[in-house]
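I want to look up the strands, the helices and the aromatic rings.

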Amino acid sequence: MSDFIIRAATVSDIDLLWPMIQAKVEKMNSLGNDQWGKDYPTKSDYMNDILRNELSVAVLETGTPIGVLCITLSGDPDYAGIAWEIQAPALTLHRLVIFRNVQHLGVVSALFQKAENCAKGRSIKSIHAVTYSKNDKMMEIFSREGYEERGILYMRNRPFHYIAYEKKL
């Protein structure tokens with residue numbers, strides 16, 4: 001039996017999720033990772049994900065959120081120059097956040113599995129994502145989850161590059 005469930009985030013979740021996301025951004029910045037900041041992601045980014053029914057939230061049985069992931073069919077124009085093996089259709093992952101020390105629960109793997117199930121249910125053969133080159137944790141996660149590097153790009157006025165990843169299903 002799982003200690004958490006994954007469900008679609010709702011508008012009523014945003015006021016609980018946003019302070020937790022901000023705290024995660026501050027933690028990332030304190031560790032020298034400036035992938036996210038005051039300019040990105042914004043509360044509006046997450047609200048728009050919710051309104052498009054693209055934000056999944058992992059919650060403990062108590063209802064406490066422990067992670068979120070945007071799973072979208074909309075490609076990101078910033079990724080246009082990447083040499084994806086499968087261009088489209090593809091799902092794109094954005095804005096993964098794990099809120100608590102819950103690695104032992106497999107939250108990241110479960111959220112990624114949700115994305116894979118979503119893709120397979122739509123006969124989509126590829127999932128795309130990027131992460132900042134200073135985000136060692138996400139690079140490790142993508143590798144562990146079977147994603148392959150597809151190139152680099154610069155965006156959001158950050159001084160370091162982003163690495164594009166793809167998982168073929």
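This is a predicted model: local features need pLDDT of at least 70, side-chain atom pairs count only at pLDDT 80 or more; totals for chains, interfaces and linings use all residues.

Below are my entries, in the order I looked things up.

I started with the strand order. The sheet is open, has 7 strands and reads β1-β2-β3-β4-β5-β7-β6, with mixed pairing. I then checked the edges: β1 (4-8) and β6 (148-153) each pair on one side only. On average, neighbouring strands are turned by 25° against each other, direction ignored.

I followed β1 to its partner. β1 and β2 (residues 55-60) run antiparallel, joined by 5 bridges. In this pairing I found Ile5 opposite Val59 of β2.

**Helices on the sheet.** Which strands does α1 touch? Helix α1 (residues 14-30) packs on the sheet and touches β2, β3 (65-72) and β4 (91-98). I got about 90° between the direction of α1 and that of β3. Next I looked at α2 (residues 43-51), which lies across β2, β3 and β4 and runs at about 125° to β4.

**Asp49.** I stopped at this residue in helix α2. Is Asp49 buried or exposed? Its relative accessible area is 0%, so Asp49 is buried. I listed its contacts, leaving out residues up to four places away in sequence: Asp49 touches Glu54, Leu55, Cys70 and Arg95.

**Aromatic pairs.** I searched the whole structure and got 9 aromatic pairs. I looked at Phe112 and Phe142, a tilted pair with 5.8 Å centre to centre and 45° between the planes. Phe112 sits in helix α3 (residues 107-121) and Phe142 in helix α4 (residues 136-144), so I have a link between distant parts of the chain, 30 residues apart. Both Phe112 and Phe142 are buried.

Then I went on to Phe142 and Tyr165. Why is this pair stacked? The ring centres are 4.6 Å apart and the planes are at 25°, and stacked applies to planes under 30 degrees apart. Tyr165 lies in strand β7 (residues 162-168) and Phe142 in helix α4, so the pair ties together parts that are 23 residues apart in sequence. I found both Phe142 and Tyr165 buried. Phe112, Phe142, Tyr147 and Tyr165 form one aromatic cluster.

**Charges over rings.** For Arg156, I found the charged end over the ring of Tyr40, 3.6 Å from its centre.

Key: Residues are numbered from 1 along each chain as its sequence is written. Side-chain values use heavy atoms; hydrogens and water are left out. Two strands pair if DSSP finds at least two bridges between them. Helices (H or I, at least four residues) and strands (E, at least two) are DSSP runs, numbered from the N terminus. Axes are lines fitted to C-alpha atoms, for helices over the stretch in contact, and angles run from 0 to 180 degrees between N-to-C directions. Contact means heavy atoms within 4.5 Å. Buried means under 20% relative accessible area, exposed over 50%, partly exposed in between (1.4 Å probe, protein chains only). Rings of Phe, Tyr and Trp (its six-membered ring) pair if their centres lie within 6.5 Å; planes under 30 degrees apart count as stacked, over 60 as edge-to-face and the rest as tilted. A charge sits over a ring if NZ of Lys or CZ of Arg is within 6 Å of the ring centre and within 35 degrees of the ring normal.
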